[in-house]
Every structure is written in structure tokens, then in C-alpha cells.
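Dear colleague,

I am passing on the structure below, and would be grateful if you could look through it alongside my notes.

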Amino acid sequence: MLTHATIDRVVGAALEEDAPWGDLTSTTLLPADATATADLVAREPGIFSGGEVFATAFARTDPGLMIDLHVADGDEFAAGDALASVSGAARSILTAERVALNFAQRMSGIATLTAAYVAAVAGTQARIADTRKTTPGLRAFERHAVVSGGGRNHRYSLSDAVMAKDNHLAVLTRSGLDLASALRDALSRLPHTTHVVVEVDRLDQIPAVLDGGAHTVLLDNFSLDELRQGVALIGDRAIVEASGGVDLDTVGDIARCGVDVISVGALTHSARALDLGLDLRID
């Protein structure tokens, strides 16, 4: 969850990184009493995300700036739309400009890409979810953007759920441990609220995962035919998640195999920053 405290901390660090001893250009070239209004304008269509983050960059730089958000996170916009405006000291606006734009462009790009995936699975039961393939330190921002685009969040961190992947299973096998027994033992020691996910890459692994009591079976890099077989084998005994080889060309076919969740790392690790600009009007 993206909290105000997290926004304040991360935006503050970004501002310090960008102007550690102040904005040398603005403070030496611009009159201290110069004022302006800047409009956040979309150069291309998309889905907006990061309104509070954008506003915080300006508010932390200068509490006297007037910030007006014209759209909410999750709103669709067209090229040429004004998404927000900032008025006040020109020096302050230009000092915060890059940091504010970086966050808004990145988050809106993720939201826009997510919305495209969500649209591609419309009419199926599949939910589009993100992964932990996020920019270190910016996970809360990027995952908020996924939700802005209509997607869902996977586990937030390693502390939130049990998720046994291929390397975990390799260690179990090398140690001579039975997967079903290991899962049952783990479940006996975990709180009843803890969700357990197990990733498999072969159909013959599924029975042991079900016998062990996993709540979700993640079918990784399965062909479409294998996905359909996996869905039939699992039935209503667990949630069925698909991952691997997912892009906008394949996600619809994957969804139509009957899976419940499709996790897509590309939502956060490959989203293009959206083209947004800050157009200055001198008062």
C-alpha cells in the first residue's frame, strides 16, 4: 500500500538527490519574486497514476505553491489534456519539475500498460497481477500504479506469503524431502491466514502440490494445451495462476484456458515512461 509517509520519504530522497545544495540554475538566474503557472500536459493518451506523488514533490519544495490535480489516479486521458497545474514561485516550480515528472511519467506508464493487459483478458475470469520484479525502493509506487491500471497486487514481499518456486523445490528434492509432506508440515506451523503458493513447471508435479494443501498452484511457462490440462487437473482444489511467456499477444489466449490469475513481470520491469510535459506560463 502506498502511504503518505512512504511518499514523503521517497520523494524527499529524490529531491535531495536532484538538488542536494539547491537548484543552482534557478536561484542564480531567476528573480526571487518571479511567479508562474505550470500545467502537466499529456503528450499521448494513457491512464493517470501518481497524483499525490506529483503534488508532494512540489509541496515539499515550497509549501506556498498552489497545486491542483485535474484527474484522479486511474482516470483515462487523451493527448493534450491538462492533468494538473502548479502556481507560485517560478524558482520552486522549476526545482521540483524533474522529480515530479519522473514519478508521474513512470507511474502513468505502468498504469497504462496494465490497463492494456486488463483489456486483453476482458470477458474471462483471469485477473492480471504484478510480481516482485520492481525497482528497488519503489515497489509501493509501482504497485500502486498497477492498481490504477485495473490490475491486482501479488504478495508485497517475501514476508507476506509462502511461495515455493523452482529453486526451493530443487533444494527440497536434493535434501530427499517429499514435497507433499513438506507442505503439510509447513501449513501445520503457519498461521491459518497465511497463503501458500507453489510454482510448478510440469504437469506431473501438480498432484503432490494438491496433496500438500497448497492454496494456489502457479503453472510456469506452460503451453496453452498444458494450461488447459492443469486447470482441469486442479479443478476447484486451488487457485490456478499462470506466469511466464506472457505478453500482450499471448495473455488473452492464456486467460481463455481458464486460469484465475496471470502474473506479469513486464507490468513493472518493462513499462515505458509515458510522455508527459510541464508547460510553463509566466504570470
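Please bear in mind throughout that this is a predicted model.

The crossing of helix 1 with helix 3 is right-handed. On the side of helix 1 the contact is made by His 4, Ile 7, Asp 8, Val 11, Gly 12 and Leu 15, while helix 3 contributes Glu 52, Val 53, Thr 56, Ala 57, Arg 60 and Thr 61. Sorted by class, this contact between helix 1 and helix 3 comprises five nonpolar, four polar and three charged residues.

The second pair is formed by helix 4 (residues 90-120) and helix 5 (residues 139-148), which pack at about 45 degrees with their axes 7 Å apart. Helix 4 and helix 5 are therefore likewise oblique to each other, and helix 4 passes helix 5 in a right-handed crossing. Helix 4 makes this contact through Phe 103, Arg 106, Met 107, Ile 110, Ala 111 and Thr 114, and helix 5 through Phe 141, Glu 142, His 144, Ala 145, Val 146 and Ser 148. By class, the contact of helix 4 with helix 5 has seven nonpolar, three polar and two charged residues.

Turning to the strand, Asp 39 is found in strand 1, which runs over residues 35-42. Its relative accessible area is 13%, so Asp 39 counts as buried, the cut-off being under 20%. The side chain of Asp 39 makes a polar contact of 2.7 Å with the side chain of Arg 281. Beyond its neighbours within four places in sequence, Asp 39 is in contact with Ala 84, Ser 85, Gly 277, Leu 278, Asp 279 and Arg 281.

Thr 37 also lies in strand 1, and because its relative accessibility is 9%, Thr 37 is classed as buried. Its side chain is joined to that of Ser 87 by a polar contact of 3.0 Å. With neighbours within four places in sequence again left aside, the residues in contact with Thr 37 are Val 86, Ser 87, Asp 279, Leu 280, Arg 281 and Asp 283.

Conventions: Residues numbered from 1 in each chain as written. Predicted model: local features only at pLDDT ≥ 70, side-chain atom pairs only at ≥ 80, totals over all residues. Heavy atoms only, no water. Left-handed = near helix turned anticlockwise from the far one by under 90°. Helix = DSSP H or I, 4+ residues; strand = E, 2+ residues; numbered from the N terminus. Contact = heavy atoms within 4.5 Å. Nonpolar A, V, L, I, M, F, W, Y, C, P; charged D, E, K, R; others polar. Buried < 20%, exposed > 50% of the residue type's maximum accessible area, 1.4 Å probe, protein only. Polar contact = N/O pair within 3.5 Å; in protein donor to acceptor, adjacent residues only side chain to side chain. Axes fitted to C-alpha atoms, helices over the stretch in contact; angles between N-to-C directions. Parallel < 35°, antiparallel > 145°, perpendicular 65-115°, else oblique.
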